[in-house]
Amino acid sequence: MELCPTIKNILLLDSEGKRIAVKYYSDDWPTNAAKEAFEKAVFTKTQKTNARTEAEITMFDNYIVVYKFVQDLHFFVTGGENENEIILATVLQGFFDAVGLLLRGTEDKKEALENLDLILLCLDEIVDGSIILETDANVIAGKVDSHSMDAGAPLSEQTITQALATAREHLTRSLLK
Amino acid sequence: MAQPLVKKDDDRDDEVDYSPFLGIEKGAVLQEARVFNDPQLDPRRCSQVITKLLYLLNQGETFTKVEATEVFFAVTKLFQSRDMGLRRMVYVIIKELSPSADEVIIVTSSLMKDMTSKTDMYRANAIRVLCRITDGTLLTQIERYLKQAIVDKNPVVASAALVSGIHLLQTNPEIVKRWSNEVQEAVQSRAALVQFHALALLHQIRQNDRLAVNKLVSSLTRGSVRSPLAQCLLIRYTSQVIRESTNDTQTGDRPFYDFLEGCLRHKAEMVIFEAARAITELNGVTSRELTPAITVLQLFLSSSKPVLRFAAVRTLNKVAMSHPMAVTNCNIDMESLISDQNRSIATLAITTLLKTGNESSVDRLMKQITNFMSDIADEFKIVVVDAIRSLCLKFPLKHRSLMNFLSNILREEGGFEYKKAIVDSIVILIRDIPEAKESGLLHLCEFIEDCEFTYLSTQILHFLGIEGPKTSDPSKYIRYIYNRVHLENATVRAGAVSTLAKFGAMVDGLKPRIFVLLRRCLFDNDDEVRDRATLYLNTLGGDGAVVETDEGVKEFLFGSLDVPLVNLNSLKNYDPSEKAFDINSVPKDVKTQPLAEKKATSKKPTGLGAPPHGPPSTVDAYEKLLSSIPEFASFGKLFKSSAPVELTEAETEYAVNVVKHIFDGHVVFQYNCTNTIPEQLLENVTVIVDASEAEEFAEVASKPLRQLPYDSPGQTFVAFEKPEGVSAVGKFSNMLRFIVKEVDPSTGEAEDDGVEDEYQLEDLELVAADYMLKVGVSNFRNAWESMGVDFERVDEYGLGPRDSLAEAVNAVINLLGMQPCEGTEVVPPNSRSHTCLLSGVYLGNVKVLVRLQFGLDGPKDVAMKLAVRSEDETVSDTIHEIVASG
């Protein structure tokens, strides 16, 4: 029996089952085709369920999959059949809430793709090679969103045009909301 | 008015489809990656490009080695920038690209700098990246920093080092084991996750030392572990210790049970559940130990969170198998779960209830399940059917309602697996519960009236044939069976005919009527159905006389076929012959007859797996094989079969080796071919042999191989005529010719059109040694003396310069292909002379003995005296010719 809680994969799919960001930590799916087949199976199995208020759970092919949906985003965390379901659910919740924080409330596919860098960093901060790294959404989001210059960075690296670009972006975002 | 509306719709569609990565292309992104080389870096732009690269990788796109290397080198330039966000992306993409060892060197110094940086985020991530891509040699250089990082006051850094340690333990255990002191310190950390990671690593370091694990567990179970995850780990380690310590169980109290029980009151749900599960899985758990765990699981059953309900019901389901009584307390909560939105939970609840239910609750339960069955998926239904079957076996008195339930769901819609599960269950119940037989058989009869699955129909018909005649009123089944003959496809019709015959054989009273029915089947439009009807009419004595069915016929009808079907596949290549087919000639054992199996060329390799080349076959097996081929039957007795000679390099598309079969006046080459390309099916495989360099041979026959599927060896043969009794030698060049058809790997079906193709094989030589059988003699001197000097031929040869005496001896032995006697093939080191004794049987069954005397003549030159005695003058001369020409 695997003693350390093990995460097999984390998936973020859209409402058609297409990948937004996925991360596999296990060799159970050696090829991209195997991965896509798994994603399709998971998606078709779960798509009709209502996993919007509480995380849902299912079991198939000797895997336990916990999942939660918001808008057109479908979050999944997979573990082995002997895994503690509640641990898997904790990881899922951490991922789900962290993405929510990072997307600042507008959780949909468009926003997720536009901030794909944040989502990828988020995955990187949750699990490291199948071992749970962090489950607290605030900590995860905090680690991802430290988009500042490091203390010793010379001012010259941040040009005026850049500063203006950043400001403009913030402005358009707030207008779009 | 209409136009703007349409336009609005278009806009909406655009918005739905909009993606920043729309139309993204690998080539273009790789071009864009050039911005990494700009002297004035734009961190935002670079971040975006890395995101695009990661997006491509994430979507399953692969980079070639060259592309990956280029991107990697470009990315390493980005360490110049001090933008944190960009640096994070750099870390991620380095991990994704997983650079090779020589590339790693480029980033090592940058990462090591980051590892000692003041910024925590840099330190943590640099450690994770470096440990991911590094090898053992570099590890010793950075070990010092890693040890420091483990006890770093920043939890993120400590966790990064600890998790990296867990990964590195797999590859470099000796190094990681040296960190035990630091790891132990980290276990005491205030940060929850550091504690979790440290505990995981510490346990893995010590896992092979039972005493150390014991100590670790007993010290930690007393102290306070803060992190819920670490607590879960500790519970797992504790139950492992409990499993391994069997000595204390006699005294009554289980060590550490109190700790597990205490964890049931933990505030984190994951810990409570982990502890409850651990208790239920204890070896020989008592109901007193079980009760508190069941109580908390029962609370979970009514939780609002599906995950908790699922976890609890799944665990209780397992407990119900061994301790059904302990779970009965939860039955009320469990029953409310039957209507759970989550069907996995509902199914688990039902099967648990079925396991724990008592006789009085069965009827109520079945009512609830009936409503539930219609809206769950087939796979869940199968689970329920299995549970109902075991329930019925447990309460045979309830068979009526359970059997009714099964027959009701059998009539509803469902896929093959589901229907099969139901039919199997009914069959088992009929076998095990005698009272259920009559009603069960009738349910099955009704089912085949309207069954879309041929397999199930034939199975049921077969079963009816065995069980039906033994019932009180066999005649009532006849109608159902005979209806099949009218309404079904040929397979089912044939099955129905066999079943009718079984009724006829067993029930004398029904015989005349069965004969009438069977005679009608004689006009069926399928030959198998007609053949069966004819056969059964004859075996049962269908001339109208009602006679007692004799045992032989019953054995024929009811006995099982004791020959593996695989072996019967060879019948597909069966050539018509005068002799009647005898089932006894078909090998009964699959494994010891690889040749018979290999002949099964028309099927894909079976589960038994055809051996790729076949074990070295004995002459017997070859003889059997060759004599089964009519073209070669007239060649007489097989004299010798050589060991297989490879005609292809290892790991080529087609692997071919050849066995030379020597007959008195013929030679047969057996080409063993293996097709190693899964996407191909070869047909009409022949070997075109050019014998222009073997003048005495004339090709007389060739037996092509009809099909050569992937990885299932097959043989093709070419036969030559040669002068009788003459050891003709020669060189043959070989060309494999075949028709190649593409095979769809997913379906295994070949395309209809094939292309003719050829494949050059290596040349094959027939040498004198091929005519010599290695036959030893026990006493060479006696044999030599008794052979007499009549046909002795003695001569001397100079073998020229040789590497050693031993090498010369071996060369001559191989040339003659004879059996060395009395260990004389071994040349003592540094000897200047050697005598070697050989024996053998030459073509025409002529015994031959050879005495070879070797001597070193000068520094390297070897001289040899060859004395041959045999039963035939010409053979003695032939041996000398062989040596002279060799």
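Predicted model: local features only at pLDDT ≥ 70, side-chain atom pairs only at ≥ 80, totals over all residues.
**Figure 1. Helices H21 and H22 of chain B, side by side.** Here we're looking at H21(B), residues 343-356, and H22(B), residues 362-373. Their axes come within 11 Å and cross at roughly 160°, so the two helices count as roughly antiparallel to each other. The crossing of H21(B) past H22(B) is left-handed. Who's touching whom? On the H21(B) side it's Arg343(B), Ala346(B), Thr347(B), Ile350(B), Leu353(B) and Leu354(B), while H22(B) brings in Leu365(B), Ile369(B) and Phe372(B). Sort these contact residues by type and you get 7 nonpolar, 1 polar and 1 charged.

**Figure 2. Where chain A meets chain B.** Chain A puts 61 residues into this contact, and chain B puts in 63. Together the chains bury about 5400 Å² between them, with carbon and sulfur atoms giving 56% of that area. There are also 10 salt bridges across the interface. For instance, Asp124(A) pairs up with Arg128(B) in a salt bridge, with their closest N and O atoms 3.1 Å apart.

**Figure 3. A salt bridge inside chain A, between Asp28(A) and Lys8(A).** Over all chains, the structure holds 43 salt bridges. In this one, the side chains of Asp28(A) and Lys8(A) meet with an N to O distance of 3.2 Å. Why does this pair tie together parts that are 20 residues apart in sequence? Because Lys8(A) is in strand S1 (residues 7-14), whereas Asp28(A) sits in the loop between strand S2 (19-24) and helix H1 (32-46) of chain A.

Conventions: Residues numbered from 1 in each chain as written. Chains lettered and ligands numbered in written order. Heavy atoms only, no water. Axes fitted to C-alpha atoms, helices over the stretch in contact; angles between N-to-C directions. Helix = DSSP H or I, 4+ residues; strand = E, 2+ residues; numbered from the N terminus. Parallel < 35°, antiparallel > 145°, perpendicular 65-115°, else oblique. Left-handed = near helix turned anticlockwise from the far one by under 90°. Contact = heavy atoms within 4.5 Å. Nonpolar A, V, L, I, M, F, W, Y, C, P; charged D, E, K, R; others polar. Buried area = accessible area lost by both parts, 1.4 Å probe. Salt bridge = Lys/Arg side-chain N within 4 Å of Asp/Glu carboxyl O.
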